[in-house]
Amino acid sequence: MKIIAAICSAVVWGSGQFINKQKLKGLVFFLIQGVLLFIELSTGTLNVLRGVSEANFRNCGYFTKGLWGLITLGEIPRLDSSTLVYDHSIMLMIGGIISTVTLLLFSLVWIWNIRDAYLSRAEIEQGETTSSIGYVKKLWKNSFEYIMITPGALLVLFVSVIPVLFSVLVAFTNYNASTIPPRNLVDWTGFKTFADIVRIPIWGSTFIRVLTWNVVWAFLATFTAYGFGLLVAVLINAKGIRFKSVWRGIYILPWAMPALLSMLTFKQMFNSAGVFNRLLMSAGFINAPISFLGETNWARTVLILVNMWLSFPFFMALISAAMTAISPELYEAVEMDGGTGLHKFRYISLPTILTATAPMIVMNVAANFNNFGAVYFLTSGGPLDPRYQMAGTTDLLISWIFKLTLDFRMYNIAAAVSILIFIMIATVSGFNLMRTRSFKGD
């Protein structure tokens with residue numbers, strides 16, 4: 001009977017529960033199957049079965065058409081305005097992803113329905129009494145946390161995960177400026193896009209150059225801000241410094257100000273007619289304006305300095321909080337042993353600070369790796385260099401992706417680079433976080 005109940009529920013959802021005399025539970029599973037069939041039949045399949053529409057996958061129901069569209073990405077392009085029946089590859093891909101994910105969710109309910117019918121029948125055969133109300137109470141008691149987080153998880157699935165899946169799948173197509181739907185159809189190309197990044201010299205060299213600068217930027221931007229924040233925090237917390245709260249309030253202002261406003265202000269200050277060039281010329285240090293944003297080395301230096309100014313207050317506040325947790329008795333013990341202020345900092349303050357802030361350093365490196373705003377609003381990725389394909393010498397991978405997508409419509413290349421970025425950041429960040437003492441619990 002257990003197998004029969006499971007088979008019945010596999011064919012008609014909830015029928016196994018009806019056999020087990022759990023009518024309420026069976027009705028719920030049956031209604032869920034009804035919703036699935038209603039969506040499929042009412043969106044085209046019923047018309048195909050009745051002969052009203054031509055029998056093909058394009059005219060079938062939502063789920064059938066979704067799977068067909070995801071596999072084929074369409075078969076008929078729109079050659080001109082007179083073409084009435086045509087396929088839009090990207091819309092088919094998006095619809096296919098949504099229908100596939102939805103079908104997977106229904107499949108989980110289907111498996112749950114079969115498993116429940118089998119296990120409930122097994123309990124009945126062992127002489128136990130089961131009821132739908134009792135099952136609901138037991139489910140609520142044992143799975144309350146999962147029930148509460150399920151709505152949020154579904155929202156994340158459809159709002160965040162599905163767009164990510166779309167971006168990933170685009171990397172395995174030829175979706176670019178020459179294949180814009182609906183006039184053209186997009187095709188699956190497998191790993192060709194990734195191979196092109198490595199195989200075609202201009203793409204490969206651009207990727208390596210941008211990646212190299214991206215890595216250098218991520219570490220310099222993080223550790224210059226961290227180092228300056230550490231210096232300021234140590235100075236403010238030193239003995240003899242009065243009005244510590246006032247000093248902290250002053251130095252927190254660069255972080256409190258909107259970053260966009262600050263970067264646009266610095267952009268004007270560093271241009272050829274800006275205040276810095278005027279000050280240097282009036283002081284006699286230079287005879288002609290320096291192209292701070294038009295020369296690669298200067299532009300990269302400006303980026304790092306501006307980022308340090310905007311980011312150090314965060315680390316200053318973080319390090320100051322960590323320093324307040326250090327027991328004064330430790331410093332007194334060092335003094336009794338003849339230690340100097342440098343010894344206190346090296347053997348007590350610094351290890352404590354690094355332990356407390358190590359996760360934030362790793363997270364900040366990852367954040368700076370994708371720090372789009374600093375590059376876009378300060379240098380716009382420039383200056384240009386003929387050795388770079390659709391990128392400038394201060395472009396990060398994320399700003400290069402932005403240009404590839406919006407300026408040049410190289411969607412497949414942009415998606416492939418995004419995947420590579422994710423792999424690199426996830427690997428490095430995960431490895432470093434797992435090695436920190438904070439994560440080990442030491």
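How are helices α9 and α14 oriented to each other? In this predicted model, local features need pLDDT of at least 70, side-chain atom pairs count only at pLDDT 80 or more, and totals for chains, interfaces and linings use all residues. Residues are numbered from 1 along each chain as its sequence is written, and side-chain values use heavy atoms, with hydrogens and water left out.

The axes of α9 (residues 201-236) and α14 (residues 296-324) come within 6 Å and cross at roughly 45°. Helices here are DSSP runs (H or I, at least four residues), numbered from the N terminus; axes are lines fitted to C-alpha atoms over the stretch in contact, and angles run from 0 to 180 degrees between N-to-C directions. The two helices, α9 and α14, are therefore oblique to each other, where angles under 35 degrees count as roughly parallel, over 145 as roughly antiparallel, 65 to 115 as roughly perpendicular and the rest as oblique. The crossing of α9 and α14 is right-handed, that is, the near helix is turned clockwise from the far one by less than a right angle. Their contact comprises 20 nonpolar, six polar and one charged residues; Ala, Val, Leu, Ile, Met, Phe, Trp, Tyr, Cys and Pro count as nonpolar, Asp, Glu, Lys and Arg as charged, and the others, Gly among them, as polar.

Helix α9 also packs with α18, at an angle of about 140° and with the axes 9 Å apart, which makes α9 oblique to α18. In this contact (heavy atoms within 4.5 Å), α9 contributes Trp203, Thr206, Phe207, Val210, Leu211 and Asn214, and α18 contributes Leu397, Trp400 and Leu404. By class, the residues of the contact of α9 with α18 are seven nonpolar, two polar and no charged.

Attention now turns to the backbone. Most residues other than glycine have a negative phi, and most peptide bonds are trans. Leu73, in the loop between α4 and α5 (89-125), has a positive phi near 60°. A cis peptide bond joins Pro181 and Pro182, with omega about 0°; Pro182 is in the loop between α7 (144-170) and α8 (192-199). Another cis bond, with omega about 5°, joins Gly382 and Pro383, and Pro383 is in the loop between α17 (372-378) and α18 (397-407).

As to confidence, the mean pLDDT (the predictor's confidence in each residue, from 0 to 100) of the protein is 90, and 98% of its residues reach 70 or more. Confidence is lowest in helix α20 (residues 437-440), at a mean of 56, and highest in helix α4 (residues 62-72), at 96.
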